[in-house]
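Hi everyone, and thanks for coming. Please have a look at the structure on the screen, and I'll walk you through a few places in it.

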Amino acid sequence: MILGKHDGVLKKSIWRLKYGFNKTISKDLASMLVDKFGEGISKKRPVVTWVPETKKKLRSRGYNQSKEIAQHFADKLLLCSGRLLAKNTETKSQVGLKKRERLMNVTGSFDYVGPKEINNNIVLIIDDVYTTGATLEECAKVLRRAGYREIWAMVLTRD
C-alpha cells in the first residue's frame with residue numbers, strides 16, 4: 001500500500017521528518033495513512049511494526065521516523081503495535097544504490113526480536129519510502145521465518 005508519489009508535499013514532509021528533526025509531522029502522516037487505508041486495515045486487525053534503524057542512525061536522529069508513523073497509525077486504529085525487528089548490522093545508506101546493491105546491502109541485516117508465541121499471524125510493516133523494495137522484502141523474509149503468514153507493507157511514498 002502506497003499513499004502517494006515521492007514528490008511535492010509528501011516528499012517535503014518526509015524530508016522534514018527524517019532530516020529536519022520535525023518528529024511531530026509523523027502524526028499528520030499517520031493520519032493520512034489512516035484516512036486512505038484505515039477502514040480496510042482495521043477489519044483485519046494486524047499487528048503493526050516498522051522497519052528498524054541502525055543504532056548509528058537512531059543516535060544521530062534521536063528517533064526512528066517509521067516507528068513514529070507506525071505507532072501513531074496503530075493508536076488511531078486501536079491496533080497492537082510493537083518492535084518485531086532489529087537491525088543487526090550498520091549497513092550503507094540505501095540512497096543512491098541500484099536494486100542489486102540494495103538487496104545485497106540489506107541481506108541478513110535484520111533479526112526477529114518479537115514474541116516467541118505469535119497470537120496474530122498478520123503483520124503490517126510501515127516504512128516511509130519504497131524505492132526498490134529490498135528493505136521490505138528482507139524484513140518480510142525474517143517475519144515469515146518467525147511464523148507470520150500474512151505480511152503487508154505500507155509506505156508513504158514510492159520513489
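Let's begin with a pair of charged residues. D128 and K18 form a salt bridge, and their closest N and O atoms are 3.1 Å apart. D128 belongs to strand β5 and K18 to helix α1, so this pair ties together parts that are 110 residues apart in sequence. Both partners, D128 and K18, are buried. One word of caution before I go on: what you see is a predicted model.

Why can such pairs form at all? Side chains of opposite charge can pair when their charged atoms come close. How many salt bridges does the structure hold? There are five, and I'd like to show you two others.

The next one joins R61 and E53, with 3.0 Å between the closest N and O atoms. Are these residues buried or exposed? R61 has a relative accessible area of 8%, so it counts as buried. E53 is at 18%, and because the cut-off for buried is under 20%, E53 is buried as well.

Now the other one: the side chains of E39 and K43 meet in a salt bridge, at 3.9 Å from N to O. Here both residues sit in helix α2, four residues apart, which is about one turn of the helix. E39 and K43 are both exposed.

That brings us to helix α2 itself. The helix runs over residues 25-44, 20 residues in total. From its first C-alpha to its last, α2 reaches 27 Å, close to the 28 Å expected at 1.5 Å a residue. Where does α2 bend? Look at F37: the bend there is about 75°. F37 is also one of the buried residues of α2, along with others including I25, L29, L33 and I41. What do the buried residues of this helix pack against? Their partners are β1, α1, α4, β5 and β6.

Among the buried residues of α4 are Q65, E68, H72 and F73. The buried residues of α4 pack against α1, α2, β2, α3, β5 and β6.

In the loop between α4 and β3 you can find L78. L78 has a positive phi of about 55°, although it is not a glycine. Is L78 buried or exposed? It is exposed, with a relative accessible area of 69%. There is another non-glycine residue with a positive phi of about 55°, namely F21, and F21 lies in the loop between α1 and α2.

Let's stay with α1 for a moment. S13 is in this helix, and S13 is buried at 13% relative accessibility. Leaving out residues up to four places away in sequence, S13 touches I25 and L29, both of which are among the buried residues of α2. W15 is in helix α1 too. Together with Y19 and V95, W15 makes a nonpolar surface patch of about 360 Å².

Finally, two residues that touch each other. V155 is in strand β6, and V155 is buried, with a relative accessible area of 2%. Which residues does V155 touch, not counting those up to four places away in sequence? The list includes M1, I2, L3, L33 and D128, and D128 brings us back to the salt bridge with K18. V155 and R145 are ten residues apart in sequence, yet 22 Å apart in space from C-alpha to C-alpha.

M1 lies in the segment before β1, and M1 is partly exposed, with a relative accessible area of 35%. Beyond residues up to four places away in sequence, M1 touches F37, I41, L124, W152, A153, M154 and V155.

Definitions and conventions:
Residues are numbered from 1 along each chain as its sequence is written. This is a predicted model: local features need pLDDT of at least 70, side-chain atom pairs count only at pLDDT 80 or more; totals for chains, interfaces and linings use all residues. Side-chain values use heavy atoms; hydrogens and water are left out. Helices (H or I, at least four residues) and strands (E, at least two) are DSSP runs, numbered from the N terminus. The expected span of a helix is 1.5 Å times one less than its number of residues. The bend at a residue is the angle between axes fitted to the seven residues ending there and the seven starting there. Buried means under 20% relative accessible area, exposed over 50%, partly exposed in between (1.4 Å probe, protein chains only). Contact means heavy atoms within 4.5 Å. Patches are made of residues with over 30% relative accessible area and no salt bridge: like charges are joined within 9 Å, nonpolar side chains (Val, Leu, Ile, Met, Phe, Trp, Tyr) within 5 Å. Accessible areas come from the Shrake-Rupley method with a 1.4 Å probe; for residues, only the protein chains shown count as cover. A salt bridge is a side-chain nitrogen of Lys or Arg within 4 Å of a carboxyl oxygen of Asp or Glu.
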